[in-house]
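Visitor: I would like a close look at a single part of this structure. Please take it step by step.

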Amino acid sequence: MTTQVKRKVRHLHHFIGGDYVGSKSGQSFDSFNPATGEVHATVALGGKEEIDQAVAAAKDAFENGPWPRMSMKERCEILRRIGDLILSRKEELAQAETLDTGKPITESLTGDIPRSAQNFHFFSDYAQSLGDEVFTSAPGEKHIVSREPLGVVGLITPWNLPLYLATWKIAPCLAMGNTIVLKPAEWTPYTAFLLADIVSLAGLPKGVLNIVHGLGADSAGEALTRHPDVRAISFTGETGTGRAIMAAASATLKKVSFELGGKGATVIFADADIDEAVETAVRAAYRNQGQICLAGSRLFVEEGVKKEVVDKVLQRVKAIRVGDPTKDITQMGALISKEHLDKVESYLEIGGKEGKLMTGGKRIKELGEGYFLSPSVFCDLPDNSKLIHEEIFGPVLPVVQFSKEEEVLKMVNDSPYGLSASVFSKDVDRCYRMSNGIRTGLVWVNCWFARDLRTPFGGMKSSGVGREGGRYSLEFFSEAKTISYKYKI
Ligand code: NAD
């Protein structure tokens, strides 16, 4: 006799005006656990009606509520409490993030969730350190430049780092006194749902943060980008979605900030510390199952060390433990969805025909119905291979050989994207020339993903519009106003 284990399926609601509400239509959609393929939650399916309701709540909170009228210090105290509460519920949030995304629990526990708390703590401190600017151009004349909130702001976020990237926008947006409608990615609604409880406990006034779950095009996401009462859209996601949002937002002339796709390059010169470079290149390629905009998803290696680097990369990649993301020993979990797995496998098929598969690239059927794929490395691909030029967003690493600095610089820049790159060499002059010549918003020298939250984060070309981080975020989420005084002396 077989015993059927009945699994708990949660129901996740919208959060509008401080209340949890369902959709007017009563419709919902399923949220899947990528590690098992099972439904773990049903989620209220929002559309234009729920966006209208949430924007009205946010507008009322902005026009009639205390939030924009509070001092920066008072607002930042609430931000700090939100950060503290995230840390105090780290385990619960990490489990929710792993359940929704399929990422290893250690990554959720040591990466995503602490960073989400840090986003609030950082902006709580940083926003208070900024003040008005005053210019005195002549005796009896002063020009004061201050920053005002925009009003209602729409935030649209992706599934790869759900709470981390949502809070990276929410914290600075709140600090500047705005009110928010957040549309989280439909694949990963769970931690945004839990955040609603946290902001209420922290004392955020009702209607300041509203969360509507739903889809993107022709649904809640698009309705937000078209709403006349939304003053700005901050979006992180695919480049194609960014184009659609820019077009939709143009009708009401919204301010936009976009963090989009990437095709990061890792460049290893022969004079680099090879072990350190390989260790970093492997981390950059496969962290979060390769589903990171900053992933080093093209590896360029100088010809003299190609064999040594490839051998060492293979040794490390074969040792990556792919498996149940809830286990501490797991280093790589499941891809986000069946659709995404199919997309990544379509690249593996191309790679197998065009070049040489050195390891991996197989569905791991022993792990059940989850979307598991072994990490792969390809060599000998043609220069125009899609694996080298397109964003795959999966655990696939093409290796390309080069012989000269000018040649590799050209190859790195031969991309529609311009988000990030890493250069490994002990030659300081070469590192300077390369980092100066690479057309990306972020260049790491002898490292990857080293961050200071005060610095601008974002991409050139098809990787984005605008920058996030430090004052760049605070400036986006506010209007500059100049007030000029004449007075008698
Ligand atoms: P996506 O563009 O498919 O979806 C992101 C969000 O946009 C979701 O909430 C979705 O519902 C919404 N959306 C989709 N179509 C919309 C529309 N027409 N109008 C309004 N909203 C719409 O992206 P994804 O698949 O969730 O995320 C992966 C992508 O995000 C990759 O390309 C990755 O590089 C990029 N990304 C970039 C950064 C960065 O900082 N540059 C960070 C993380 C992810």
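Visitor: Which exposed residues does the face of α2 turned away from its buried side carry?

Guide: That face of α2 carries the exposed residues K73 and S88. Exposed means over 50% relative accessible area, buried means under 20%, and partly exposed lies in between (1.4 Å probe, protein chains only). This is a predicted model, in which local features need pLDDT of at least 70 and side-chain atom pairs count only at pLDDT 80 or more, while totals for chains, interfaces and linings use all residues. Residues are numbered from 1 along each chain as its sequence is written, and side-chain values use heavy atoms, with hydrogens and water left out.

Helix α2 covers residues 72-88. Helices (H or I, at least four residues) and strands (E, at least two) are DSSP runs, numbered from the N terminus. The expected span of a helix is 1.5 Å times one less than its number of residues. For the 17 residues of α2 this should give 24 Å, and the end C-alpha atoms are 24 Å apart, which agrees.

Now the other side. The buried residues in α2 are R75, C76, I78, L79, I82, G83 and I86. They cover an arc of only 155° around the axis, which puts them on the same side of α2. The arc is that of the directions from the helix axis to the C-beta atoms. What covers these buried residues includes α3 (90-101), α4, α5 and α6 (190-201); contact here means heavy atoms within 4.5 Å.

Rings of Phe, Tyr and Trp (its six-membered ring) pair if their centres lie within 6.5 Å; planes under 30 degrees apart count as stacked, over 60 as edge-to-face and the rest as tilted. A search of the whole structure finds eleven such pairs. One of them joins F123 and W168, and it is tilted, with 5.7 Å centre to centre and 50° between the planes. F123 lies in α4 (residues 105-129) and W168 in α5 (residues 162-175), so the pair ties together parts that are 45 residues apart in sequence. Both F123 and W168 are buried. With F122 and Y126, they form one aromatic cluster.

W168 has a charged neighbour as well: R115 lies over the face of its ring, at 4.7 Å from the ring centre. A charge sits over a ring if NZ of Lys or CZ of Arg is within 6 Å of the ring centre and within 35 degrees of the ring normal.
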